[in-house]
Structure formats: structure tokens, C-alpha cells
Amino acid sequence: MTYQQTIDYLFAATPQFEQQGGSAYKPGLERVLAMAEAIGSPHLGTGIRYIHVAGTNGKGSTSSTLAAILSAAGYRTGLFTSPHLVDFRERIRIDGMPIEECAVVDFVERTRPLIERFSPSFFELTTLMALHHFAAKKVDVAIIEVGMGGRLDSTNIITPELSIVTNISLDHTQFLGSTLEEIAGEKAGIFKPNVPALVGEASASLRPVFRAKAELLDAPLYFAEDSDVLQDAEPDRGGWLLHTRDYGTLWGELGGAAQRLNARTILAALSILARQSFQIPRVAVEEGFAHVVERSHLLGRWQKVASQPDTYCDTGHNEAGICLVVEQLKQEQYQALHIVFGMVADKDWHSVLRLLPTSAHYYFVQPTSDRALSSEELAQEARSIGLEGSVFPSIEEGCLAAQKEALPQDLIYIGGSNYVVAEALKKCYPHTLESVFNTNY
């Protein structure tokens with residue numbers, strides 16, 4: 001099979017949550033453990049040191065920045081994240097470089113009998129591909145991002161050096177629980193016996209959930225909020241100037257209000273890793289924070305894709321994520337605000353809409369997914385609460401309309417869904433992808 005035929009087969013043969021929603025969700029570790037054993041248990045006995053990252057928001061930025069830092073420190077670093085925005089290979093990277101097309105083809109061809117026997121989900125198979133690839137390439141450390149939840153997530157077959165939960169907010173409630181406490185319990189499911197655990201943000205009501213799980217496993221527990229690793233942070237050159245306890249003043253290139261919170265979690269993680277015998281010099285921390293995109297090829301985190309007018313994409317897609325986007329918009333300087341916006345139907349889009357500014361002009365679009373929320377329905381609800389705008393039949397047309405109507409001193413924000421950002425990058429801002437894949441989109 002060619003690479004494209006392989007990807008088409010994967011999408012057809014394995015249910016993908018990003019496209020199909022709940023019908024594709026297969027919780028539990030039985031299938032992934034059985035398949036892992038059949039391919040040689042790549043998660044065991046390889047000498048790879050794992051870092052496991054869960055949380056409602058901030059997983060991708062936290063994982064990617066840690067990967068950039070560790071790579072700069074000289075560690076051969078694997079990174080597994082999801083979902084991908086424009087190319088499947090984004091999910092599996094080593095020192096920032098996506099998995100080779102031939103490696104994807106080879107893995108799928110060799111595991112095809114297992115796929116037909118076990119009927120794994122798309123994410124289960126992708127997890128196994130990542131673990132196999134990292135083992136085959138003999139990485140020193142692999143940062144593994146949880147797909148959903150933690151306890152029953154297929155990535156939870158690893159035993160890490162550090163378990164991280166970035167934060168907790170309401171998302172995927174149909175699978176993880178209807179309360180923050182229930183969701184925290186699912187995400188604390190990645191804690192392992194005697195393995196340090198770090199929680200980035202946790203309200204007073206959630207801390208007992210994490211403490212109880214950590215005590216049960218004799219896992220040392222740390223809360224980043226209780227640490228003074230980040231002493232102050234201020235916006236600077238589109239990113240953040242970070243005044244830190246251990247590394248002096250750093251500049252972080254990732255923009256958006258969320259990165260101030262992520263930086264504290266990352267710095268707290270580095271402090272724990274230093275006690276785990278990781279050798280991470282200051283110059284590597286400087287390099288990692290300052291060049292996350294170049295070193296890890298992270299896309300879509302308050303990513304500036306154009307100027308005059310300044311245009312940003314952000315993948316925030318739930319209440320907590322959109323709250324941070326709105327906070328960031330308040331910090332920006334512009335004459336008028338244009339928002340290209342679309343969501344999937346299984347998010348709490350009614351609540352999200354009520355967070356958005358009424359002063360903006362909206363371009364309502366529909367993601368290309370079976371889970372997509374109709375742009376007409378989105379616009380109708382938006383208008384009922386005072387958000388005015390137009391409906392467009394495609395994301396590309398919505399973006400082009402915003403570009404046409406916006407003046408040089410205005411600002412365009414594109415978001416609401418990974419699908420919206422992905423389509424915008426591919427169709428309207430392909431220059432942002434060339435350095436990542438060396439491919440014309």
C-alpha cells in the first residue's frame with residue numbers, strides 16, 4: 001500500500017473518535033495489552049524513560065515544550081500527541097521530526113492480521129504504533145500524551161518516570177463523569193506506584209481526589225500551584241517573558257493566556273525530573289521554551305499565521321480553553337475583531353458561545369467531521385444571545401471572507417475546533433506547514 005492508501009485503510013478499519021464521536025470510543029486496556037504482547041511488548045524492557053501527560057487542556061503545549069527542552073538537552077526524545085491537525089504523522093515525532101511515511105505503511109501492513117482479529121480503535125492502534133516506533137528508534141525518553149481521561153486510556157500501559165495532570169475542567173462528560181471530581185478521578189488513573197505525580201492546576205475540592213489516589217499508590221504528589229518555580233510572567237513579543245526560580249528570565253514563544261499556566265507546570269516538572277537524574281542545563285531550557293514550534297512542530301496554539309491584519313489560530317474547544325482565548329483577546333490591540341468559528345456537536349457549545357465577545361463580527365463555519373455542529377444551528381443560537389455574523393458553507397470561505405472584510409489594523413481569530421484550525425492552516429495559510437512536512441498543502 002502507498003502511504004495514502006494506508007491512512008485510508010486506518011480510517012476505514014478502525015473507529016476514530018475525532019470523526020465518529022462516542023461510537024468510536026473503546027475504553028479499557030485489554031485489547032491494547034494483548035496487541036502489545038503480540039508485537040513484542042514495545043513498552044517494556046526497552047530502557048525508554050516515559051513521561052505521561054493527562055489533563056483537560058494544555059496537554060499538547062506542555063508535552064511539546066518538555067520534548068523541545070529534553071531534545072535540546074541531548075536526549076533522543078519521542079513525542080506522542082493527538083489529534084493531528086493536518087497530517088497523521090504529527091502524532092508520532094522524534095526530536096520534532098514526524099514518523100516517516102514508510103514506517104507507518106510498514107507497521108500497518110505487519111499488524112493488519114491483529115487489526116482484523118482485535119478490531120482496535122484508531123487511537124489504540126496509533127498508541128501501539130508510537131510505542132513500537134520509539135522502541136525501534138531507541139529513543140532515550142518518550143513523552144506520551146493521554147488521548148482521553150487516563151485510567152482506561154490505551155496509553156496507560158506504560159510505567160513513567162513522572163505522571164502529569166495539567167488541569168481539570170468539564171469535557172467528555174459522557175465518558176469521564178458529570179462532575180469535576182469524577183473527571184479528576186479518571187485522570188488520576190495514570191498515577192503509578194512510587195512514581196512522582198504532578199498536578200498543574202487543581203481547585204480545593206479536587207485536591208483530595210488526587211491525594212487519595214497518590215496515597216493509595218505511595219506516589220509522591222506535587223501541586224505546581226504550590227511551587228514558586230514561576231515567579232512572574234508578562235506578555236512579550238507575542239509570547240511570554242517568564243521570571244523563574246531556577247533558570248532566571250526565559251522567553252517562551254508560545255502565545256496565549258494558557259501558556260502562562262502551562263509554563264508553571266513545565267517548570268515544576270523540570271524540577272522533579274532533575275531529582276530523577278535527568279541532566280537538563282539552563283541553556284536547554286532556554287532553547288526549548290524559545291523554539292518550541294521549530295523543535296517540536298507544535299501547531300495551533302495561539303499561532304500567528306498572518307499580519308495586517310494580525311491573524312491567530314487556536315485549538316481551544318471547550319469552556320476552559322475558550323475562556324483563556326477570550327482572556328488573550330482582551331490583551332490584544334485592534335480596531336475591530338473578526339472571529340471565524342465552528343464547533344463539534346458533542347461539546348457544550350451553548351456554554352462556549354456565551355463566553356465570546358458580542359462586539360466581534362462572526363463567520364460561522366462547519367467542521368468537516370461526522371461530529372460537526374451545523375453552522376446554521378450555531379449561528380441561530382449565537383444570534384439569540386447577541387453574536388452577529390454570517391454563515392459560510394466551508395471553513396475556507398469563512399476565512400477568505402474575514403480576510404476580505406478585515407482592515408489592516410483589525411484582528412482575526414480562527415478557532416472553536418481542531419478541525420477549523422486544521423482546515424484554515426491547510427487551505428488559507430499553507431506556509432505555516434512547509435517547514436513541518438516539506439509538503440505543499
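User: Why is Asp-236 called partly exposed?

Analyst: Asp-236 has a relative accessible area of 22%. Buried means under 20%, exposed means over 50%, and partly exposed lies in between, using a 1.4 Å probe and protein chains only. Therefore Asp-236 counts as partly exposed. Bear in mind that this is a predicted model, where local features need pLDDT of at least 70 and side-chain atom pairs count only at pLDDT 80 or more, while totals for chains, interfaces and linings use all residues. Residues are numbered from 1 along each chain as its sequence is written, and side-chain values use heavy atoms, with hydrogens and water left out.

User: What makes Asp-236 and Arg-237 a salt bridge?

Analyst: Their closest N and O atoms are 2.6 Å apart. A salt bridge is a side-chain nitrogen of Lys or Arg within 4 Å of a carboxyl oxygen of Asp or Glu, so this pair qualifies. Arg-237 itself counts as exposed, at 63% relative accessibility.

User: Where does Arg-237 sit in the hairpin?

Analyst: Arg-237 is in the turn, with a positive phi of about 50°. The hairpin is formed by S9 and S10, with two residues between them. Asp-236 stands opposite Gly-239 in S10.

User: How do you know that strand S9 and strand S10 pair?

Analyst: S9 (residues 230-236) and S10 (residues 239-244) are joined over six bridges in the antiparallel sense. The strands themselves are DSSP runs (E, at least two residues), and helices are runs of H or I with at least four residues, both numbered from the N terminus.

User: How many salt bridges does the whole structure have, and what makes Asp-106 and Arg-110 one of them?

Analyst: The search finds 18. Asp-106 and Arg-110 have their closest N and O atoms 3.1 Å apart, which is within the cut-off for a salt bridge. The two residues are four apart in helix H5 (residues 101-118), so they are separated by about one helical turn. Asp-106 is partly exposed at 37% relative accessibility, and Arg-110 is partly exposed at 48%.

User: Why is Phe-191 called buried?

Analyst: Its relative accessible area is 2%, so Phe-191 falls under the limit for buried. Phe-191 is found in the loop between helix H8 (180-187) and strand S7 (197-199).

User: What makes S12 an edge strand?

Analyst: Six strands form an open sheet in the order S12-S13-S17-S14-S15-S16, with mixed pairing. Strand S12 (303-306) pairs on one side only, as does strand S16 (388-391). Three bridges join S12 to strand S13 (residues 310-314), and these two run antiparallel.

How values were computed. Two strands pair if DSSP finds at least two bridges between them.
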